[in-house]
Every structure is written in structure tokens, then in C-alpha cells.
Amino acid sequence: MIMKVQCFIPYIDESQVLDTVNGLRESKLVGQITLLATDKDAKACLDCDIRYIDSITSSDTMRTIAESCNSEYILLYTKPNQLVMGYFAIDRLFRIASDSNAGMLYADHYTVVDGKRSNSPVIDYQDGSLRDDFNFGSVLFFSSVYFKQAAAGIDKHYVAAGLYDLRLRISRIAPIVHINEYLYSDVTVDNRKSGETIFDYVDPKNRSVQIEMEDACTKHLKAIGAYLKPEFEKIEYDKGKFEYEASVIIPVRNRVRTIRDAIRSVLSQKTDFPYNLIVIDNHSTDGTTEAIDEFKDDERLIHIVPEREDLGIGGCWNVGANHPQAGKFCVQLDSDDVYSDENALAKMVNAFYENNSAMVVGTYMLTDIDMNMIPPGVIDHKEWTPENGRNNALRINGLGAPRAFYTPVLREIHVPNTSYGEDYALGLAFSRRYQIGRVYDVVYFCRRWEDNSDHALDISKMNANNLYKDRIRTWELEARIALNKEKQ
């Protein structure tokens, strides 16, 4: 008789797995428990099977699990910590897997830090959930049939992207289902604030990992018909009449502490073309309006207080971009931040012509409020390549900063009226048709301080942000699939 559930758990030593193994065996559905060891000298224990692997995330490990599985379902635990399943939680996973015909399931859970338990809800999976760092939690529950089918298609060995590749393959043949019930407890070892962890994916030490992830994602896009070849529409920079070559746009609300620095950094730019600064003051109440007015004698400054009171950052951008005195290129500067030197604007504008781009993305350095560099330092997004950047953009969570846009196209697309993800949505929409140029010199100091919009977000806000970005990716996927069908 085939067993119902086979469990695979990371293995270091007996003391590390003892409580987890005993807890799993409390379920009558659990048959074999297989230990996954990276140490070839590790010995089997607790009447468990053992398999030697190179990495919990590798392609070889996925094949090993597929070959070792003799059950209807697979429970894969991805952390070398104690796992405590909830009361009848494995039964619940089994029932929903059977009812939904899911290829993979994951669930809300608890994390335990220093004995303190906290909620760790996760978000629903959708077609646009292509981030390799999508948070499924540490317990993944698979249909063995779909797992083996996906593993059989693996055609390249990944050390880091094997599990990611397998997940994408499963998503093409069966649903990936989120159970919004708290089914287990896990221990977290990463206590950094969200404002720090959001930059993990561009840490230089992860560059080789990023290359693997990009390759796996690109293959997935090709398989579902969403891959775009490096063929771009040509830009003619003669649409419309513009008095100014460029406009720096700063949306702002209640940033009296930083807005003066931002304005000074713009007005000190040296260029061989005319430019202006459009500040959209979104009904500030803390003295920001008065601070902006300190610069009213400079004719390059246009200070706008919108009539509407329902504008997010994106809506303010639309006000600026559609202003009669907006320049040919609209260049971003956040009200918290400053340009790195007096040549930043010229570098951004020149990049349009050098690359025949409709959008340009620069490089920034993370600093504290006093502009001292803080880890991880320079964020250059070198994972962007002219050949594959538009596809890889669907995998990563941002394209970098500062951003600049050819105004006629920006006026055509419009910016989503949100205060999170609006820049990412623009990047995806622009890259669908046009080349995006890059500047790899640091042209921007991104200042991290307690009033940043993404500073130490709570988990509900992070989940809402990630759900929205996944939705943006889903819409973009659908648009690209439709575009490819039109070309056939």
C-alpha cells in the first residue's frame, strides 16, 4: 500500500532533528521520513532514511527527492530548525491537496524567536508571483505526481535555483495553493528589519545566485509564451515641442526635514541644456510648503499644490509630467534624497540618446540621513542586461533609481495612482516596447531614515505591497503573452 505522506527535512545531527521527527510521526499519514544531509559523514538516525545532497535548493536535490519518494504527497521542510506542525495540520494539508488537485501547497504559520511566537501570514500565489524570493514559508507540500513530472523535465543543474525552477515548472501544470490557516510553527534566525532585508537580492555576494534565477525564470517565460526578444521600438525624440530638455519631478508631502536638500541638489545641477524643477506639494501640513517657497525666486522652480486631494505618488507624477512646462524628459527625485553631484542630471539625459531609450535607470547609494554610506552600499542592478533585462524585470522587485522617462511616452502610459510600486509598473510597461537605458555611475543618494515609506514595515504592509507587485507582474505577463500572439 502506498504511503500517504513522505517527509524530507534538512539534517545536521540527531539533536537538531529529534523533536521535528518525533512531531511528524504523531500524524498517522506520515510514513517515511528522509533526512537531507550535506555532510557526507552524517549517519542515519531515528529510523529515518538518509540522502546526501549538495544544497537544499539544488536541481540534484529535487531529482533526489523525486527518485526517493514512494508516497502520494511530499512534505519538504526547508530550514534546519525545529518544525512543530499544528494539531492535525498534516491531515489538513492532505485533505486540501486532494480536494484542490494542487501541485503545491503552502500555509500561514507562526515564527518563534527567543520563545516568543508571532504570526507569519503569507500571500496568495498568482501567475505574476515570479520572484525567486516569494515567501512560501518553510513547509512545502507537494503532490508526488506533479513533483515527479516537474523534476523529470529538469534540463539544467542549478545549485541555488533548483527549487525555484521546480516551483515554476509545477505552476505550469497544476495550481499552487495558499492555505490561509496557521498550520505550523517555525523558528526565524533573521531578525533584521524589513528595510534591510528588501535589499538582499542585490547583495553582490548573491550575484551567481541571481544568474541562475534569471536563467530559470527566462526559460519559464519562454514556456508560457511571455518571453520578449531583444527587439525594441525605435524612439524619435521629436514628438511635441518642449521649452525644457528635462524636468526633475519631486512629489512631496510632509518632508520639511529633507525637501530643502532635495531642491538644492537639483538647482545646483550643471547642464548644457535648459531644465526646470517641478515640485508637486501634496497638501503638506508640516512646513514643507513654506520650505519650498524659500526657493521661489529661482524661476526654474515650479511649485504645484494639486486641486485634487486623492493623489498618491503616482498621481502627483502625472500632474508633473502633464504640466505645460514639463520637459522632454522627466527625471525622478524623491523628496528624501539628493543627487550625488552636479553632473547627475546631465548623465541621465545623455543616456537617452546613447541607448535610444524611452526610460533610463541610474545607480544609487544607500546612505543615512547625513549621507554616510550604509550597507549594502551601492545598488547598481547589474542584473539588468540590454538583451534580457525586460524579461528579468518580471523576476526582481525593482529596477533601481533614479528613473527618467521620455515625456511623450510617459504621458501615453500614465503612472498608477499609488504610493508604492508605481515606478515598477512603469518600468515593466516601458520595457514591453522600448529599450531601457542604464547609468552605472552613482547619481543618487537614497537616504534611509525613520520616515521612509518602506522603513521597518510590519508584515501586513509588506504582504500588501508584495501582493500588489505580483498583481502588476500578472497583468504584464498577460499583456506580453497577448503581444506575442499578435506577432504570430
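The legends below describe close-up views of a predicted model.

**View 1. Helix α15 and the elements packed around its buried residues.**
Helix α15 spans residues 459-487, a run of 29 residues. From the first C-alpha to the last, α15 reaches 42 Å, close to the 42 Å expected at 1.5 Å a residue. The buried residues of α15 include the asparagines N463, N465, N466 and N484.

**View 2. Residue D337 in the loop between β13 and β14.**
The loop that holds D337 lies between β13 (329-332) and β14 (338-339). D337 counts as buried because its relative accessibility is 2%, and the cut-off for a buried residue is under 20%. Leaving aside residues up to four places away in sequence, D337 touches A262, Y444, F445, C446 and R447. One of these residues, A262, is 75 residues from D337 in sequence, yet the two C-alpha atoms are 5.8 Å apart in space. The side chain of D337 makes a polar contact of 2.7 Å with the side chain of Y444. The D337 side chain also reaches the backbone nitrogen of R447, at 2.9 Å.

**View 3. Strand β6 and the strands paired with it.**
Strand β6 covers residues 104-113 and is largely enclosed by the rest of the structure, because eight of its 10 residues are buried.

**View 4. The hairpin formed by β6 and β7.**
Two residues lie between the strands of this hairpin. D114 takes a positive phi, near 50°, in the hairpin.

**View 5. Residue T61 in helix α2.**
T61 belongs to helix α2, which covers residues 59-68. The relative accessible area of T61 is 1%, so this residue is buried. Not counting residues up to four places away in sequence, T61 touches I53, D54, S55 and I56. T61 and G162 are 101 residues apart along the chain, and their C-alpha atoms are separated by 7.7 Å.

**View 6. Helix α11 and the residue that follows it.**
Helix α11 is made of 12 residues, 344-355. Its reach from first C-alpha to last is 17 Å, close to the 16 Å expected at 1.5 Å a residue. Among the buried residues of α11 are the alanines A344, A346 and A351. L345, M348, V349 and F352 are buried as well. N356 follows α11 and has a positive phi, near 45°.

Terms used:
Residues numbered from 1 in each chain as written. Predicted model: local features only at pLDDT ≥ 70, side-chain atom pairs only at ≥ 80, totals over all residues. Heavy atoms only, no water. Helix = DSSP H or I, 4+ residues; strand = E, 2+ residues; numbered from the N terminus. Expected span 1.5 Å × (residues − 1). Buried < 20%, exposed > 50% of the residue type's maximum accessible area, 1.4 Å probe, protein only. Contact = heavy atoms within 4.5 Å. Polar contact = N/O pair within 3.5 Å; in protein donor to acceptor, adjacent residues only side chain to side chain. Pairing = 2+ DSSP bridges.
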